[in-house]
Amino acid sequence: MITNNITDLIGNTPLIKLNYPSEISGCEIYGKAEFLNPAGSIKDRTALGIILDAEEKNLIEPGGTVVEGTFGNTGIGLALVCNAKNYNLKVVMPNITVPSKRDILKNMGAELHLVDAKPYSDPGNYQRVSQKLALELEKETGKKTFWAGQFENLANYKFHEKTTAKEIFDQTNGKVDGFTCAIGTGGTLTGVSVGLKSFNKNILIACTDSQGSSMYNYFTNGTPEKKGDESITEGIGQARVTKNLENCTVDQSFYVSDNECMEILYKLIKTDGLFLGLSSGVNICGAIKLAKEMGPGKKIVTILCDDANKYYDKMFNKEFLQSKNLPIPDWI
Ligand code: PMP
């Protein structure tokens, strides 16, 4: 394969059969290998989708600046896309993310602004700071400055509808019975659910919510109310209905604790050779719960969002795991 631009390598990821989860559930469970995207996560798609949309709408110009608030992966995806397309990137990130994400962003040449972690209602929240920064920069420089706004920008879910959903349907020869994943912006779940339902409305869609998030309660009783303690996972968990979530309908919801998430991640390293990041553990637990609910023989798909390399400070740090009362793999 020869390609003229690294952005051509975003998407078209393989589906991997998850052997241990399939065995224990009696279903065929598949993970979409988003960790194989060139900047390492599902958010490469979001970054590309948002930038292509901005180019089409003439919201951005060569040599111009993109600003975004991110937990890390969208920033890393944007860094790759912006570098490849000659845009500058400024990223606002909460200071509670793993340090490796900051290093990657700095080393890729993005300008990084770290802020304290604050709820969305607080003007100091990273998403709100990033929007303000974009407005100020445009005023200051008189040049077009594009705020990516992944939570509210509908280009996010639409790119998943166009690419991720279509790929899943085609890769399963239209035989997918159920899909589930967790929510950060909601772009993946909304896009895949809208896309799959347009092909076949009987495909079951489930939200798998992480500990400390409000989406399980939102989808089961209509109120976005937090369930469980703060999670150690990153990039997922949501307390409000983002614009990307307004178009999301799910048939079912599952709740996954950090304990369940870590158990499956360590298990899959040894059973399947998969070295996956935190949110993938939540997704796989959700897929197993959906499989058990649907009964044996079904084909279920979830997302393997990124790999474990960025999360050593949490996943393979004995003291950290002990302090959170989480399982510790016996090889560390
Ligand atoms: N997993 C990881 C590792 C992420 O970085 C994100 C995005 N923040 C998600 C899952 C959630 O994806 P989405 O924003 O499409 O809901």
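The model is predicted, with local features needing pLDDT of at least 70 and side-chain atom pairs counting only at pLDDT 80 or more, whereas totals for chains, interfaces and linings use all residues. Residues are numbered from 1 along each chain as its sequence is written, and side-chain values use heavy atoms, with hydrogens and water left out.

The axes of helix 6 and helix 7 (residues 187–199) come within 7 Å and cross at roughly 55°, the axes being lines fitted to C-alpha atoms over the stretch in contact, with angles from 0 to 180 degrees between N-to-C directions. Contact (heavy atoms within 4.5 Å) joins residues including His 160, Thr 164 and Phe 169 of helix 6 to residues including Gly 191, Val 194 and Phe 199 of helix 7.

The axes of helix 2 and helix 6 come within 8 Å and cross at roughly 120°, so that this pair is likewise oblique. Among the residues making the contact are Leu 48, Gly 49 and Leu 52 of helix 2, together with Ala 155, Phe 159 and His 160 of helix 6.

The lining of the second largest pocket includes Gly 49, Leu 52, Ala 155 and Phe 159; a pocket is an open set of points on a 1 Å grid where a 1.4 Å probe fits, with protein on both sides within 12 Å along at least five of seven lines, and lining residues have an atom within 4 Å of a point. Helix 2 (43–56) and helix 6 (155–171) are the elements that give two or more residues to this lining.

Key. Helix = DSSP H or I, 4+ residues; strand = E, 2+ residues; numbered from the N terminus. Parallel < 35°, antiparallel > 145°, perpendicular 65-115°, else oblique.
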